[in-house]
Amino acid sequence: MLIAITRDVSPSIEQCELTHLEREPISFEAAQAQHEEYVQCLAALGCEVRRLPAEPTMPDAVFVEDTAIVLDEVAVITRPGATSRQPETASIAMALEPYRELRFIEAPATIDGGDVLRVGKSLFVGMTSRSSAEGIAQLRELVAPFGYTVTGVPVTGCLHLKTAVTQIAPDMLLINPAYVDPLVFDMHSIEVDPSEPFGGNAVLISDTVIYPAAFPRTRRRMEQAGIRVQTVDASELAKAEGGVTCCSLLFTVADDNRVSSMRS
């Protein structure tokens, strides 16, 4: 069974952290509606969604991906690179504790989950302003006993590694080669359309990719390669440098660990 942990949009979303984008107005109501569409899409694709309540004092808390790295054997609670986001991890640790043993990135190291791309037993970690060399080293030490390798990956021009590259099929990546070198991954890839530089972020669930409606040219490239794509409107959260991977923590559990959603 596939669990998806999400968190509702904070009413303070307009106060979000920004690194590569200019600040512009964000409609809380529109962001809520778009997030709801995303959650319903997760459920329609077979996820059991566990929804956490909004954190009014934490503008970026909807982006739960950054707070943990959930592997088959263990969950690593991160220490986000933006100081304002570090309090987000406490409630995520509580939500994950029933499903996984927990490990923690310790100060002063930082790492954002959005910088971590898992492909099998390989973890690629973006070397960005949010994820430090010490954070990458700590992660490597924590996951080595479970057989994972950790590779630091240079990233330029975007916030996180998964802004630049995500997995869209067992043997294929979606990538913006202007942000990250495709040769690092040694896998088949589809390049984003050059007119859609932020089009590298997608969520793979079973045989379907959840993808922002804002990037139709890149979507067509995927569909022409036989990838099944389900689009959602993510335009408001994109103003907060958020992508579709950012808004959920996805992991599998045995059916006998099945739990009900916190809220329907």
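**Strands side by side**

Ala75 stands opposite Leu102, which belongs to strand β5. This is a predicted model: local features need pLDDT of at least 70, side-chain atom pairs count only at pLDDT 80 or more, and totals for chains, interfaces and linings use all residues. Residues are numbered from 1 along each chain as its sequence is written, and side-chain values use heavy atoms, with hydrogens and water left out.

Let's start with strand β4 (residues 74–77), which pairs with β5 in the parallel sense over 4 bridges. Strands are DSSP runs of E with at least two residues, helices are runs of H or I with at least four, and both are numbered from the N terminus; two strands pair if DSSP finds at least two bridges between them.

**The sheet and its helix**

Step back, and you find an open sheet of 3 strands in the order β3-β4-β5, with mixed pairing. At its edges stand β3 and β5 (101–104), and each has a single partner strand, so one side of each has no neighbour in the sheet. On average, neighbouring strands here are turned by 20° against each other, direction ignored.

Helix α2 (residues 89–96) packs on this sheet and touches β3, β4 and β5. What angle does the direction of α2 make with that of β4? About 170°, on a scale from 0 to 180 degrees between N-to-C directions, with axes fitted to C-alpha atoms (for helices, over the stretch in contact).

**A residue in a loop**

Ala109 sits in the loop between β5 and β6. Is Ala109 buried or exposed? Ala109 counts as buried because its relative accessibility is 0% (buried is under 20%, exposed over 50% and partly exposed in between, with a 1.4 Å probe and protein chains only).

Leaving aside residues up to four places away in sequence, Ala109 touches Arg79, Ser132, Glu134, Gly135 and Gln138; contact means heavy atoms within 4.5 Å. Ala137 lies 28 residues from Ala109 along the chain, and their C-alpha atoms are 8.9 Å apart.

The largest pocket holds about 830 Å³. Its lining has 29 residues, and Val70, Arg118, Lys162, Leu204 and Leu250 are the closest to its centre. The elements giving two or more residues to this lining are β3 (68–70), β6 (116–119), β9 (165–169), β12 (203–205) and β15 (249–252). A pocket is an open set of points on a 1 Å grid over the protein atoms alone, with protein on both sides within 12 Å along at least five of seven lines; in a cavity, a 1.4 Å probe fits but cannot get out, and lining residues have an atom within 4 Å of a point.

The second largest pocket has a volume of about 360 Å³. Among the 20 residues that line it, Phe198, Ala238, Glu241, Gly242 and Gly243 are the closest to the centre. Two helices, α4 (161–164) and α6 (235–238), are the elements that give two or more residues to this lining.

The largest contains about 80 Å³, and its lining residues are Gln34, His35, Tyr38, Val232, Asp233, Ala234, Leu237, Gly243, Val244 and Cys247. Helix α1 (residues 28–44) gives the most to this lining, with 3 residues. Volumes are the space filled by probe spheres set on grid points, which are joined across faces, edges and corners.

The second largest cavity has about 60 Å³ of space. Around it are Glu17, Asp60, Phe63, Asp66, Arg85, Arg130, Leu159, His160, Ala240, Glu241 and Cys246.
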